[in-house]
Amino acid sequence: MSNETTGTQTVQQGVERLSKKDLTQVLLRYVMSAQICFNYETMQSAGWVWSMHPAMKKLYPDDQVLSEKYKSYYKFFNSHPWFGRLILMAALAIETTRDPDATQTAVDVRTGLMGPLAGLGDSIVWVLLPTVVGAIASYSALEGSLVGWVMAIAVNILLWLVFWRLSYTVYDKGISFITEKSQSLAHLTDACAILGIIVIGALTVSTVDVHLAISWTVGDLTQNLDELLNGILPSFMNLITMLAIYLGLDIKGMSPGKMVWIVMIVAIALGAFGICA
Amino acid sequence: MFNVFQIVVITLFTALMTWHKYNLQILYYAQVVGIGAFCGLVMGDLNTGLLVGGTMCLMSLGLAGYGGSSVPNYQLGCIAGTVFAIGMGQAGDEALSTALAVGVPVAALGVQLDVLGKMSGSFFIHRAMACSDNCDWKGMATWTWASQIAMLGLNALPIAILMTAGSGAVEMLVNNFPAWLSTGLNVAAGMLPAMGFAILLHYLPIKKYGYFLILGYVLASYAGLSVLAIALIGAVICVYVFQDLEKDSAMPAVAVAGGDMEDE
């Protein structure tokens, strides 16, 4: 789209397509500000608008137009920040068409994608992988070594860079090349969930550490309740603790914030009365 | 107990890590270990830093702010715990007890700080929006970033206060810590990792795949394998299941396409 002369004045048209450099600038801003100014009304929209601004200014040099568009982009947005990069790139691709309804379309796409992609990002990027590599890094640290941590960070950086690369592809090809694979992504989430569940089963044994301190003496024989129960099922009290907290979280009005205080109070009471050690 | 250099570096580090935790996330995995190590280095005892970092990282596993929720802030807890354990000249198990006594309550209070920080965001977003309405792009950027003063301040200031005005009080508290309370906190340290796992399980398809818990449990308890070994076995199963699911869903398409399985 070149600058067309209409009447006497040249209408500012802006660039036809965003260059790779423009996209890099947006990405750099977005990774710095994905959840900046987080609030309970619009959640992550502030970082989004600030990040897209340099590119939008190139597409739409007219400030009044931009101001109107940002009214829509400032509305509620909340997704996984890594997937947020891809959604932002998809929105810019739509804005590049300069369709009169581009912003409406982009915001609709954004709203449609933010939930499913947040689910994927939360479960794989934020939880399953960090739990697996975090456990390995923790045990390595307890032995005085940073090897596990280096490994965890390597996984982190690698995945982070994959999302960075993908962002450019989304601008060029549209988000459809990801949404078309929605079934594969669902399969990936399922498969990774299995990995997570296996590791949680293992961590219940190795990381949770709850023991009963109750013992009694019959004749010369001292019986320890903890050993007795572990003889029936290894890590017996760990399993009970997991089950109790799992069910406790289902209680109406319970939140992780409240649960951490409850666990602390219960633990201190159990320790003080000599039931646990 | 702390010199000026340590107070300044740890406070700035707390602010930086708070920003990083929400935004950049490039050193996000096992970050509590990294935080423990860094604080250990600044305080001059890397080993204690790793011990506290490793212990508190285990408590943090499975916790993430899903959908804008607030969870215990073990990053903050680890910073407070590590600097006080080392600052009081302790090492080994004694240092860990002190770190837990200081760090776990700080981590729990982190939930409230996070909520306050996110509530403060409303003030800044409305200023930024008003600037945008007036095409004042500089003001928009300024108000957007100004929100970090509140968010980072809410996390970093308590650490700075604890290390300066509060250090005497914390030291007195730790030194006069009743035995029953330290026993209780040790019990809590053993129980708290279960909370992250229990939250995580609520987000996983337990009804569909819950029986895999038994596999992990058996491999860790009866077979006595390490977490890395079990994670590798899990990864193999993960790949197998993924391919199987893909194959099943590809079946009808394959019939139409005449058995071309190789297309990407």
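Modeller: Start with H2(A), which is mostly covered: 12 of its 15 residues are buried. Keep in mind that this is a predicted model.

Biologist: Which residues of H2(A) are buried?

Modeller: Among them are Trp48(A), Val49(A), Trp50(A), Met52(A) and His53(A). Ala55(A), Met56(A) and Leu59(A) are buried too.

Biologist: What covers the buried residues of H2(A)?

Modeller: Both chains contribute. From chain A, the cover includes helix H1 (20-33), helix H3 (63-73) and helix H4 (81-96). From chain B, it includes helix H5 (92-133) and helix H6 (137-163).

Biologist: Where does H2(A) bend?

Modeller: At His53(A), by about 50°. A proline, Pro54(A), follows within four residues.

Biologist: And how far apart are the end C-alpha atoms of H2(A)?

Modeller: They are 20 Å apart. At 1.5 Å a residue, its 15 residues should span 21 Å, so the two agree.

Biologist: New topic. How many residues are in the largest nonpolar core?

Modeller: It has 170 residues. Those with the most contacts inside it are Leu92(A), Val199(A), Ala202(A), Val263(A) and Ala188(B). Helix H5 (residues 102-142) of chain A gives the most to this core, with 19 residues.

Biologist: Leaving aside its neighbours within four places in sequence, what is Ala202(A) in contact with?

Modeller: Residues of chain B: Gly216(B), Tyr217(B), Leu219(B), Ala220(B), Val227(B) and Ile230(B).

Biologist: Which residues does UniProt list for "transmembrane region"?

Modeller: The unreviewed UniProt entry includes residues 185-208 and 259-275 of chain A. In the model, residues 185-208 of chain A are 92% helix, with end C-alpha atoms 32 Å apart. Residues 259-275 of chain A are 82% helix, with the ends 21 Å apart.

Definitions and conventions:
Residues are numbered from 1 along each chain as its sequence is written. Chains are lettered from A and ligands numbered from 1 in the order in which they are written. This is a predicted model: local features need pLDDT of at least 70, side-chain atom pairs count only at pLDDT 80 or more; totals for chains, interfaces and linings use all residues. A nonpolar core is a set of buried Ala, Val, Leu, Ile, Met, Phe, Trp, Tyr and Cys residues joined through C-beta atoms within 7 Å. A residue is buried if 20 or more other C-beta atoms lie within 10 Å of its own, exposed if 12 or fewer, and partly exposed in between; C-beta atoms are placed from the backbone. Helices (H or I, at least four residues) and strands (E, at least two) are DSSP runs, numbered from the N terminus. Two residues are in contact if their C-beta atoms, placed from the backbone, lie within 7 Å. UniProt positions are given in the numbering used here, feature names are shortened, and annotations may be inferred rather than shown by experiment. The expected span of a helix is 1.5 Å times one less than its number of residues. The bend at a residue is the angle between axes fitted to the seven residues ending there and the seven starting there.
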